[in-house]
Amino acid sequence: MTAVGTDDTGMTSTHMPCTHEGCGRLFIDQATLHEHAEAVHTFGDLQRLVSDAVREKYGRKYDRLSQTAAVYTYVVDLAEDWAVFEAEGEGGSGLFKVAYAITDGAVSLGDPVEVRRRTVYEPVKKQDA
């Protein structure tokens with residue numbers, strides 16, 4: 001499928017859209033579209049989308065006028081439908097697990113729940129010989 005539009009100069013051009021759900025970017029030729037598909041839509045891209053949404057919703061910049069303290073957030077773990085992020089500010093820090101969904105490139109976040117990190121090491125079972 002191609003899209004017909006005009007460029008900055010007013011000339012008519014044909015573009016091919018990225019078929020990845022929610023992307024919507026248009027490309028002039030097949031080679032550029034292929035390069036785009038190889039370079040984006042990775043797990044790193046997914047983590048950046050979720051990180052940006054978490055930072056936007058739960059983070060806060062320092063406000064000099066109101067003396068409001070900054071809250072820094074960053075994703076420390078990510079699964080298909082949830083993320084764990086750390087929020088750090090003047091009052092301390094904590095880990096929070098939050099459900100997320102991505103629809104048409106937009107991230108919606110559930111209500112975060114404070115969690116704690118737990119690592120478990122279990123013995124490896126030897127096979128019977």
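**Figure 1. Order of the secondary structure elements in the protein chain.** From the N terminus on, the elements run β-β-β-α-α-β-β-β-β-β. The model shown is predicted. Two helices and eight strands make up the secondary structure of the protein chain. The protein chain has 129 residues, of which 22% count as buried. Its accessible surface comes to about 10,400 Å², and carbon and sulfur atoms account for 51% of that surface. Among contacts between residues at least 6 apart in sequence, 18% join residues at least 24 apart.

**Figure 2. The largest nonpolar core of the protein chain.** Eleven residues form this core: Val-50, Ala-53, Val-54, Val-71, Val-75, Ala-83, Phe-85, Ala-87, Val-98, Tyr-100 and Leu-109. Two or more of these residues come from each of helix 2 (43-58), strand 4 (71-78), strand 5 (82-89) and strand 6 (92-103).

**Figure 3. Pairing of strand 4 with strand 5.** The two strands run antiparallel and are joined by seven bridges. Strand 4 and strand 5 form a hairpin, with three residues between them. Val-75 has Phe-85 in strand 5 as its bridge partner, and both residues belong to the largest nonpolar core. Another bridge pairs Leu-78 with Ala-83 of strand 5.

**Figure 4. Pairing of strand 5 with strand 6.** Eight bridges join these antiparallel strands. The hairpin from strand 5 to strand 6 passes through two residues. Trp-82 stands opposite Ala-99 of strand 6. In a regular strand, side chains alternate between the two faces of the sheet.

**Figure 5. Surroundings of Ala-83.** Ala-83 is one of the residues of the largest nonpolar core. Leaving aside its neighbours within four places in sequence, Ala-83 is in contact with Val-50, Val-75, Asp-77, Leu-78, Phe-96, Lys-97, Val-98 and Tyr-100. Among these contacts, Leu-78 is also the residue whose bridge partner in strand 5 is Ala-83. Val-50, Val-75, Val-98 and Tyr-100 are members of the largest nonpolar core.

Figure 6. Thr-73 is 21 residues from Asp-52 in sequence, and the C-alpha to C-alpha separation of the two residues in space is 9.4 Å.

Terms used: Residues numbered from 1 in each chain as written. Predicted model: local features only at pLDDT ≥ 70, side-chain atom pairs only at ≥ 80, totals over all residues. Heavy atoms only, no water. Core = buried A, V, L, I, M, F, W, Y, C linked by side-chain atoms within 4.5 Å. Buried < 20%, exposed > 50% of the residue type's maximum accessible area, 1.4 Å probe, protein only. Helix = DSSP H or I, 4+ residues; strand = E, 2+ residues; numbered from the N terminus. Contact = heavy atoms within 4.5 Å. Pairing = 2+ DSSP bridges. Areas by Shrake-Rupley, 256 points an atom, 1.4 Å probe, with all protein chains shown as cover.
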